[in-house]
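Reader: Can we go through this one together? I'd like to start with the charged side chains and move on from there.

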Amino acid sequence: MKKKFLWIIVALSISFTLFCEEKFPTKDFSLSKTEILLGEKINFQFSIVPNDETKKYEILTEEFSIIAPFEILSIDYKKLGNNVTLVSGEMTSFTSGELKDINMSVPVSFSDGTVAIYQTDNQTFNVKPVLTKEEEEALKKIEDPSTIELRASLPQEKFRLYFEGWLIFILIVVVLAILAVIIYRIIIKKLRSKTSDNQKESDPLNNLSPYEKFLFMMETHCIYSADRKETEVNLSGMSCALKELITQTFNFETQSNAKSETTRELLHSMRRENIDDVLISNIGAVFNSMDMVKFAKANINQEVFDDYAKNIREFGNKINELGKKGDENENI
């Protein structure tokens with residue numbers, strides 16, 4: 001009986017080791033500059049060096065992340081000798097000021113099932129605005145833009161038009177083309193409205209507000225199951241519910257395709273709307289952690305699942321409140 005008990009303990013410890021996430025520092029981290037103008041590019045480079053040179057691994061490229069408000073413009077992965085991967089690319093920030101504790105994280109999945117996160121050292125950046133303080137003060141003092149004098153343009157010679165005979169024909173073709181486009185758009189608009197009306201009648205969810213639909217989807221998917229595939233489906237359902245709420249609340253262009261939008265694209269759209277950076281960072285951290293469970297097979301249990309559901313609900317409540325404030329501001 002004691003031997004069976006010991007074997008169970010050994011098996012549990014091995015399974016925990018396979019799915020745990022360990023953090024390792026990267027090597028040879030370098031930056032082209034740490035003091036830039038708003039939107040100016042920064043080149044970065046570092047190396048991923050596993051402790052075991054013979055251990056095969058795969059970089060989870062879609063899960064590469066950087067602390068807000070920085071954004072990755074381009075990134076490249078290059079395999080070198082001794083099982084080393086060189087990571088290089090460009091990044092920038094559209095938020096000015098002194099930005100501290102900025103780092104990048106690269107999740108790596110090893111062939112034995114373990115997941116490791118390689119993280120660069122923290123850096124401090126100084127992002128300066130494009131205009132100087134003197135230029136900003138000068139712009140504020142301009143009360144009437146019409147008083148600004150522009151340089152007179154140089155005189156131009158008039159050219160002779162030699163195709164008067166074709167002018168009427170060209171105008172007729174242009175008018176007919178414009179009419180054809182207008183008629184086509186009217187027909188397509190009517191067809192789409194009929195289709196949307198039919199979908200609303202067939203699907204009761206379409207009659208709900210974005211927040212009501214979010215709550216309904218959360219009640220459907222916030223159920224933990226011993227079946228891992230079913231749990232992963234529910235995690236995807238909760239993340240899609242929050243994505244659809246965000247895109248519909250702020251009228252993003254991608255709201256018709258919210259399910260296929262990546263976490264990076266969603267966060268980029270939120271930054272364009274000047275949404276709170278702390279909220280954006282928290283949503284990105286939870287989404288990236290959930291993606292590690294779905295795609296890298298990280299460990300998941302009832303407690304972790306419930307934490308995900310709780311965080312997603314809180315994010316949904318905050319997004320709904322921001323949407324209400326935006327509507328109130330528009331009505332003023």
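Author: Fine. This is a predicted model. Arg228 is partly exposed, its relative accessible area being 27%.

Reader: Which residue does Arg228 form a salt bridge with, and how far apart are the closest N and O atoms?

Author: The partner is Glu232, with the closest N and O atoms 3.0 Å apart. Both residues sit in helix α5, which covers residues 228–249. They are four residues apart there, so about one helical turn separates them.

Reader: And Glu232, buried or exposed?

Author: Glu232 counts as buried, at 12% relative accessibility. The cut-off for buried is under 20%.

Reader: What else does Glu232 form a salt bridge with?

Author: Lys297, and here the closest N and O atoms are 3.0 Å apart. Glu232 belongs to helix α5, whereas Lys297 is in the loop between α7 (277–295) and α8 (302–331), so this pair ties together parts that are 65 residues apart in sequence. Lys297 itself is partly exposed, with a relative accessible area of 37%.

Reader: Which residues end up in one network, then?

Author: Arg228, Glu232 and Lys297, joined by salt bridges that share partners.

Reader: How many salt bridges does a search of the whole structure find?

Author: Eight. Among them is one between Glu40 and Lys33, where the closest N and O atoms are 2.7 Å apart.

Reader: Where do those two fall on accessibility?

Author: Glu40 is partly exposed at 27% relative accessibility. Lys33 is also partly exposed, and its relative accessible area is 32%.

Reader: Now the strands. What is the order in the open sheet?

Author: The sheet has three strands in the order β3-β12-β9, with mixed pairing. At the edges stand β3 (35–37) and β9 (97–102); each has a single partner strand, so one side of each lacks a neighbour in the sheet.

Reader: By how much are neighbouring strands turned against each other?

Author: By 25° on average, direction ignored.

Reader: In what sense do β9 and β12 pair, and over how many bridges?

Author: Antiparallel, over four bridges, with β12 made up of residues 123–128. In one of the bridges, Glu98 is partnered by Asn126 of β12.

Reader: What do strands of a sheet pair through, in general?

Author: Backbone hydrogen bonds, in either a parallel or an antiparallel arrangement.

Reader: Last topic, Thr263. Which helix is it found in?

Author: Thr263 is in helix α6, which spans residues 263–272.

Reader: Is that residue buried or exposed?

Author: Thr263 counts as buried, at 10% relative accessibility.

Reader: What does Thr263 touch, not counting residues up to four places away in sequence?

Author: Leaving those out, Thr263 is in contact with Lys243, Gly284, Phe287, Asn288 and Asp291. Of these, Lys243 falls within the residue range of helix α5, 228–249.

Reader: Good, that covers my list.

Notes. Residues numbered from 1 in each chain as written. Predicted model: local features only at pLDDT ≥ 70, side-chain atom pairs only at ≥ 80, totals over all residues. Heavy atoms only, no water. Pairing = 2+ DSSP bridges. Helix = DSSP H or I, 4+ residues; strand = E, 2+ residues; numbered from the N terminus. Axes fitted to C-alpha atoms, helices over the stretch in contact; angles between N-to-C directions. Salt bridge = Lys/Arg side-chain N within 4 Å of Asp/Glu carboxyl O. Buried < 20%, exposed > 50% of the residue type's maximum accessible area, 1.4 Å probe, protein only. Contact = heavy atoms within 4.5 Å.
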